[in-house]
Amino acid sequence: MNQNMTDTAEQEALIPVQEPQRQYYFMERAKEYLEKMSRAAGRRLTFCVTTFGCQMNARDSEKLAGILERIGYTEEPEEEKADFVIYNTCTVRENANQRVYGRLGQLGRIKKKNPHMMIALCGCMMQEPEVVEKLKKSYRFVDIIFGTHNIYKFAELLATRMESGHTVIDIWKDTDKIVEDLPSERKYPFKSGVNIMFGCNNFCSYCIVPYVRGRERSRDPRAIIREIERLVSDGVVEVMLLGQNVNSYGKTLEEPMTFAELLREIEKIDGLERIRFMTSHPKDLSDELIEVMASSRKICRHLHLPVQSGSTRILEKMNRRYTKEKYLELVERIKRAMPDISLTTDIIVGFPGETEEDFQDTLDVVRKVQYDSAFTFIYSKRTGTPAAVMEEQVPSEIVKDRFDRLLNEVQEISARMCARHQGTVQTALVESMNDHDDTLVTGRLGSNLLVHFPGDASMIGKFCKVRLGECRGFYFIGETEDDG
Ligand code: 5AD
Ligand code: SF4
């Protein structure tokens with residue numbers, strides 16, 4: 001990519017080298033260009049960011065939206081109507097890629113009818129060279145392609161596309177750079193995700209993330225605290241600290257610091273009421289963290305602790321670096337310190353070489369831990385990961401049967417775990433009006449469960465004491481409770 005294409009030597013001398021100043025400069029340039037485009041169109045141009053995948057991507061999308069709003073685009077919730085569509089892609093499972101190609105084909109047809117339309121693709125899928133090759137060949141109508149490492153350069157890439165009229169493709173293999181203080185737009189005014197680290201060094205043998213998100217790097221704690229303080233002064237009461245493996249936070253910092261220490265600092269921020277985090281790798285979860293959680297007033301009593309498999313033999317092939325016994329022992333320690341904790345997990349069925357006996361070990365862990373909920377996945381062979389070339393891939397009928405049995409077990413247990421809260425009074429943060437009934441609002445409990453109860457829009461973003469009534473599987477119907 002060569003953005004000097006349109007710059008004279010004098011113009012070039014004006015471009016800041018330092019970040020984030022450089023990006024603010026390009027936001028101004030894109031803004032001027034967008035004004036011209038809007039005049040030509042006779043209306044304000046709109047954007048829509050569509051997110052695939054995890055919370056990490058959701059947060060990245062908020063950053064893209066922040067930049068676009070600063071440039072002068074307005075948000076359009078319906079993709080088909082937007083003038084600028086950005087797909088922030090995921091590649092954790094093989095079929096995720098197929099979905100993107102399918103939707104992109106449709107988008108291409110819409111673009112033919114809208115001369116102002118632009119399409120950008122970014123996220124994990126773009127870090128795979130075969131994907132970019134395919135896009136270059138068969139989806140030539142895409143305007144901008146970038147990856148996970150240079151997302152902070154979005155304004156620069158967009159300005160370059162606008163001014164040059166050419167497709168802009170910029171993918172980096174890896175980075176150790178973290179750019180702070182760029183704009184971001186929140187989906188909810190009262191809660192926000194906050195990245196505390198990027199990348200992953202664990203190389204679980206089935207997982208593509210370390211290859212597409214690069215090496216683990218932690219943000220400076222001062223930058224994290226500064227961001228949260230700003231969010232709080234802007235009305236945020238709940239944060240979700242995000243990282244692929246938050247329990248190894250701080251190891252790569254110049255002045256190393258543990259995740260538990262970071263939590264202690266965040267807890268001190270006045271006005272912040274709730275702290276959540278994900279994801280925790282069991283191998284790195286320390287006693288110090290359990291202690292900090294147990295004594296905290298703000299950290300939610302919820303832990304997402306992916307087990308992936310209950311069989312020590314499979315865990316070893318997955319390179320998870322814990323055994324079934326170690327995992328169960330950790331869960332015991334957590335429950336001893338916090339009997340009211342909600343535990344959730346991720347489970348993969350059908351990893352290469354998984355036998356019925358291995359699968360029984362997974363069911364055994366599910367029964368022993370009693371998860372509040374579990375995300376269950378059918379193993380997907382990701383090209384480029386060590387597991388993809390392992391022998392003994394399990395036939396799909398067997399995997400499907402195990403998956404169904406696991407799902408039954410998980411659902412039965414979560415319904416029971418959910419019901420144990422029935423009749424209790426808990427604090428809910430009201431997030432929205434109920435989708436189906438406008439006399440109800442929907443709130444989230446510390447445990448991450450939802451409760452629907454009578455209320456109105458003025459309650460959104462506020463905490464309410466709610467008596468939990470009937471439990472309907474994964475959510476409650478409740479009644480507000482007087483504080484007095
Ligand atoms: N197949 C199935 N599930 C996977 N996950 C990651 N990679 C794969 C794969 N190849 C699941 C893991 C992880 C979650 C985010 O996605 O359970 O915790
Ligand atoms: Fe993937 Fe394992 Fe890293 Fe999670 S910890 S992102 S499953 S490699």
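UniProt annotations may be inferred rather than shown by experiment. One of them, from an unreviewed entry, reads "domain: Radical SAM core" and covers residues 186-416. The model shown here is predicted. This briefing covers the annotated span, the nonpolar cores and the salt bridges.

**The annotated span**
- The UniProt record places the "Radical SAM core" domain at residues 186-416.

**Nonpolar cores**
- The largest nonpolar core holds 68 residues.
- Ile-228, Leu-241, Phe-259, Ile-266 and Phe-277 have the most contacts inside this core.
- Leu-241 touches Ile-228, Phe-259, Ile-266 and Phe-277, among others.
- The residues that Leu-241 touches also include Val-194, Ile-196, Val-246 and Leu-263.
- Arg-276 is another residue in contact with Leu-241.
- Neighbours up to four places away in sequence are left out of this contact list.
- Another core, of 30 residues, lies apart from the largest one.
- Among the residues of this other core are Ala-30, Val-49, Ile-67 and Ala-155.

- The structure holds 45 salt bridges.
- In one of them, the side chains of Asp-287 and Arg-333 meet at 2.6 Å, N to O.
- Asp-287 sits in helix α10 (residues 287-295) and Arg-333 in helix α12 (residues 324-337), so this pair ties together parts 46 residues apart in sequence.
- Asp-287 has 45% relative accessibility, so it counts as partly exposed.
- Arg-333 is also partly exposed, at 26% relative accessibility.
- The side chains of Arg-301 and Asp-340 form a salt bridge too, at 3.3 Å, N to O.
- Arg-301 lies in the loop between α10 and β12, while Asp-340 lies in the loop between α12 and β13.
- These two residues are 39 apart, and their pairing links distant parts of the chain.
- Arg-301 is partly exposed, with a relative accessible area of 24%.
- Asp-340 is partly exposed as well, with a relative accessible area of 44%.

**A salt bridge within one helix**
- Asp-401 and Arg-405 meet through their side chains in a salt bridge of 3.2 Å, N to O.
- Both residues belong to helix α14 (residues 396-419).
- They are four residues apart, which is about one turn of the helix.
- Asp-401 is partly exposed at 40% relative accessibility.
- Arg-405 is partly exposed at 29% relative accessibility.

**A salt-bridge network**
- Arg-59, Glu-62, Glu-180, Arg-219 and Glu-227 form one network, joined by salt bridges that share partners.

Note on methods:
Residues are numbered from 1 along each chain as its sequence is written. Chains are lettered from A and ligands numbered from 1 in the order in which they are written. This is a predicted model: local features need pLDDT of at least 70, side-chain atom pairs count only at pLDDT 80 or more; totals for chains, interfaces and linings use all residues. Side-chain values use heavy atoms; hydrogens and water are left out. A nonpolar core is a set of buried Ala, Val, Leu, Ile, Met, Phe, Trp, Tyr and Cys residues joined through side-chain atoms within 4.5 Å. Buried means under 20% relative accessible area, exposed over 50%, partly exposed in between (1.4 Å probe, protein chains only). Contact means heavy atoms within 4.5 Å. A salt bridge is a side-chain nitrogen of Lys or Arg within 4 Å of a carboxyl oxygen of Asp or Glu.
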